[in-house]
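Student: I should like to learn how to read a protein model with care. Could we go through one together?

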Amino acid sequence: MSTESKRPQLSLDELRLLKWLLGGALALVSLWTVFFLDVEALSLVSLASLAVVAVLIWPQLPARVPGFVRWLSVPALIAVLVGDFYLSPETLPPLIRLAILLVLYRGVGYRQRREDLQLIVLGLFLIVVAGVLTVALGFAFLLLLFTACALVFLFVVTLIETKETGGGTADSLPATGAPAWTRLGWRRFFGRLAEVADWRLLAFAGSLFAVVVVLSGVLFLIIPRFEIATGFFLDRYITKKSRTGFTETIRFGDVAELISDETTALRVDFSDPAARPGNPYWRLVVLDEYSREGFKISAAAKAELLRSQRVTAYLRGRRTGSRAAGVGGQWTFYVEPGVSRFLPLPGNFEMLRLRELLPLQSSVSRLVVALRTEPMTMTAYRLEGVQLAGEIADVPPARPPTGRAAAAGRSETSALPQSLQLPAGADNREALQRVVAEIRGGEDGATGLPAEEFARRACAWLSRRHAYALSVTLPSGDKDDIVRWVESNQPGFCEYFAAAFTVLARAAGYPARVVAGFHGGTWNAVGNYYQIKNSDAHAWSEIHTGRGTWLRVDPTPGGGLADSRAAVQTAMARQGDRSWSARLDSLRIMWYRRVVSFDQRTQTEMAEQLKSLTADSGQAVRAFLDRMMARLRAWLAGPWNWARAGRVAGGTVLAGAFVWLIWRGREEIRWRWSRLCQRGRVDPVRREAGRWLARIGHRIVPAERQAVHAGIVTDLQRLRYGPRSSWPEPGAVFRRARREGGAGRCTATGR
Amino acid sequence: MSDFAPAAEVSSARAALERMKTNMRQTIKGKDDVIEQTIVCLLAGGHLLIEDLPGVGKTTLAYSLARSMDCTFSRIQFTSDLLPTDVTGVSIYDEHVKEFVFKPGPVFANIVLADEINRATPKTQSALLEVMDRSKITVDGEAHTVGLPFMVVATQNPVDYEGTFPLPESQMDRFLMRLPMGYPQADDELEILRAPRLSYDAIALNPVVTRSDVLKMQALAGHVFVEESVLDYVLKIVTATRTEAEFKAGISVRGGLSLRVAAQARALVRGRDFVIPEDVQEMSGPVLTHRLTLARQTSDALEERRTVLAALRHIVAAVPVPE
């Protein structure tokens, strides 16, 4: 920069005054955040604010405070802190009061760089605490103010430092008397400030700050209001449409191929991990309508779902007969977005609880619960009184609202009618009947064979005939896809097996339906939860037993019939997953567990627990102290004799001797310790002395101070270069040097 | 901590040295730094080479030093026909005792002034230099110890080279310091002009320090504490001279040792029992310059002295002072 274009600049002292002003503002802003808190500290905050304002207006005030007050303030602070913690049942309010006192302590004294930074950190503490505990609009304003103040403050601190290293005198504090900059006067200072201010730059910086604030505000507003739980992981927004997983319809194309999608679809957390199911099937939806393309949700089921829709936060389930055994505890489901609008259910339940009010649909006859739309965020719900069973009750569908039901004129009693629907066309049926006959193995009549037995034989027949494969090529022909597949020897995957079994059962006269959902999952042994991936998507069948229940049949090789004994199987044969990916994934469930709450009550409980914990800790400390005091009193009150007095005296002498030895050898200890800590480096005392020598060693001092100055320099030189045995007490020397440095600065700048 | 100089002895030594300085100031006006450096040289147990034009007080300096200390003083005027025995002494056959008796030469004194040392032949010079090195003289296979303390103050004229035998480098190394005397300031010279006396014999100084005090202080100077980083500082200066292109050769190991010893002595003179880097800096000029020769030719000796000193100062300024 050329000299003519150089702007007038603030002098070092003016910068220091500016720093004083900003520091005061910072202290005030951080103090006022406490007004947002429900803490008994309002009078303290008011007093502290008054003090800060006072020293802001009269910067020379701190110098008039007697020296002993400054000496006493630190022990007084400690005493107040200890007393406050002792008397207060909770931990947080004393902490906040301590922070207020510290802000006050730092705010009303002259500060150097270190103290400035301390002030910022203390203010930040108050701001953060207030921000976490309360969210108020006024608080946001204070936060903005604090940020702006802190930024400029840090800038000024840096400027001062740059100037000081660039030839100015260091801002070391004088032992007595106010620093020179306090005598500048506000009116002159503001005049100078107006004179040197680069308004264009200021306007630019201000508008930049405003733009950032507005931008963040806009961002805050336009981001959809998902829960923080779902906003945390970004992959939530990656669309899952391209991946395979659960589907609501089963279609059989000419070529079908499944790609294994290893992303997580669902996590299930158990309040009682011991009661986890061994071989769980997670039902999502029942596909009972057959068309030429495949299976889909029947119109009746859709209508039932739509009819039942209501905005609610809970759903009462239905208990089935005595055969189903309930599993204790609560099951919490975390369904990833993009999986399905249907909620995975392991079986019947007593209560389904959502976190918030949502439009919920349910079909009791098919045991299907769905949201109105596919959620874009993580969905969490909780099941209580889960009944793990291979059989679910066949209950009539919910009644349509009165009036409409009469108008509709329907009298459905169960979901059975759709469950007998067969592929159209004689050739299809003939082919199916042929296969059914083969399965029955000669025994005639649909009634002759129980549904369970038929299912067992059909599964066996399918397994004999078809292998399992992820990629399927159908033979060509005129018949329906599924019939062609049944007749062929082609391998297939679960959907083929489920669909084939269902049509065969229907052809044999048993009502049957396809169920889509997930099967199995991995037990995450790190986080103790089930992790179900999209590749765990599965399809199976349910066959009506004729006794009012639907029996689960998994015709896919390796599946089989639901075993009533295995229905309550809770022990896992295989080991849980402890791999690194499982560890990584368990972080997410930990996060979910923290942030997902199902009702206000649990939240309050947690807060209460936390509060009682802190209160308990405070009370425990107090009780401990009281106990110790009582013991001491009892001990003192005990009878005195010579032996006891001797013991006490001996102990005192020993302790005194120990303290004395430590005190005598403190330099030696310190030296040894420093040698231990930093081998081969310069002794810290020597380094410190060298620093002071460099600062004040070559300073020209007025004649009347020369003797004192020379004495200090000699002592410093002795500390730096002299033999250790001849050292004076380093602390005292450094204190004198600090005072000397301050005095020198005063005489240098005070002229 | 007997390794270090005790504080009481240091302060008493300082007082004694102050007395010496004040005493010498009566005759050597306005040359406080030269006086101090002379005393430093004495405490370090070294020998001094004073280099300057005739008539600036070299002899007076040596004489007042000797007189201040209750020590014997002798002067040898070096000429080209001076023989080694004229310096050391000679064995003469004594008729009465019927054997050779050693007659000590002028070197048997505490302070020996070797005036115009470069005028003597190398043989005579080396006779003196042997004494300087060992504080002993061997004549006819018999060793004779010279006085203790023993200090040679040699002088030479750097300008007038006619008919001289310049001291070789190896012998220059025997001197701890080389000092230029310099002209006094005008005020001081006026003071000198006012003085009635002319010859140094007329100097009437009272001894203020005993011989044993000097020996004690010499021992004390050896115990002045040198901190590791200061030793490192000395080493760095010495090694820096060895890589400096301006010099033909760097400082020898003895040169580095001399610098340390001189710094210790200066610390004692300043009343400290430890060495600070300033001692090293101040002593580097007198102790090191005469051990360095320039790689290039210069017009005259004074020019060379100036160039060497400037290069050395540059080096000392460049080596960072221990923090």
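**Reading the cores**

Student: Which residues touch the most other members of the largest nonpolar core?

Tutor: In general, nonpolar side chains tend to be buried together in soluble globular proteins. In this predicted model, the largest nonpolar core has 89 residues, and those touching the most other members are B:Leu43, B:Leu48, B:Ile111, B:Ala262, B:Leu268 and B:Val275. Helix α10 of chain B, residues 253-269, gives the most to this core, with 8 residues. At least three residues come from each of domain 1 (16-212) and domain 2 (224-323) of chain B.

Student: With which residues is B:Val275 in contact, leaving aside its neighbours within four places in sequence?

Tutor: Its contacts in chain B are B:Val224, B:Phe225, B:Val226, B:Val230, B:Ala263, B:Gln264, B:Ala267 and B:Val280. B:Val275 is also in contact with A:Tyr721 of chain A. A second, separate core has 87 residues, including A:Trp282, A:Tyr381, A:Ile439 and A:Ile532.

Student: How should I read a helix, and how many residues of α2(B) are buried?

Tutor: For helix α2 of chain B, residues 32-43, the 12 residues should span 16 Å at 1.5 Å a residue, and the end C-alpha atoms are 16 Å apart, so the two agree. This helix is mostly covered, with 9 of its 12 residues buried. Among them are B:Val34, B:Ile35, B:Gln37 and B:Thr38. B:Leu43, named above for the core, is another buried residue of α2(B). After the helix comes B:Gly45, which has a positive phi, near 70°.

Student: How many helices and strands does chain A have?

Tutor: The secondary structure of chain A comes to 23 helices and 19 strands. Of its 751 residues, 34% are buried. Among contacts in chain A with a separation of 6 or more, 79% join residues 24 or more positions apart.

Student: How many residues does each chain give to the contact between them?

Tutor: Chain A gives 10 residues and chain B gives 12 residues. On the side of chain A that touches chain B, the elements giving two or more residues are α21 (684-696) and α22 (706-721). The most come from α22(A), with 3 residues. By class, this side of chain A has 3 nonpolar, 5 polar and 2 charged residues.

Student: What scores does the model carry?

Tutor: Where pLDDT is low, the predicted coordinates should not be read in detail. Chain B averages a pLDDT of 85, and 96% of the residues score at least 70. The model scores ipTM 0.82 and pTM 0.43.

Technical notes. Residues are numbered from 1 along each chain as its sequence is written. Chains are lettered from A and ligands numbered from 1 in the order in which they are written. This is a predicted model: local features need pLDDT of at least 70, side-chain atom pairs count only at pLDDT 80 or more; totals for chains, interfaces and linings use all residues. pLDDT is the predictor's confidence in each residue, from 0 to 100. A nonpolar core is a set of buried Ala, Val, Leu, Ile, Met, Phe, Trp, Tyr and Cys residues joined through C-beta atoms within 7 Å. A residue is buried if 20 or more other C-beta atoms lie within 10 Å of its own, exposed if 12 or fewer, and partly exposed in between; C-beta atoms are placed from the backbone. Helices (H or I, at least four residues) and strands (E, at least two) are DSSP runs, numbered from the N terminus. Domain bounds come from an automatic or database domain assignment. Two residues are in contact if their C-beta atoms, placed from the backbone, lie within 7 Å. The expected span of a helix is 1.5 Å times one less than its number of residues. Ala, Val, Leu, Ile, Met, Phe, Trp, Tyr, Cys and Pro count as nonpolar, Asp, Glu, Lys and Arg as charged, and the others, Gly among them, as polar.
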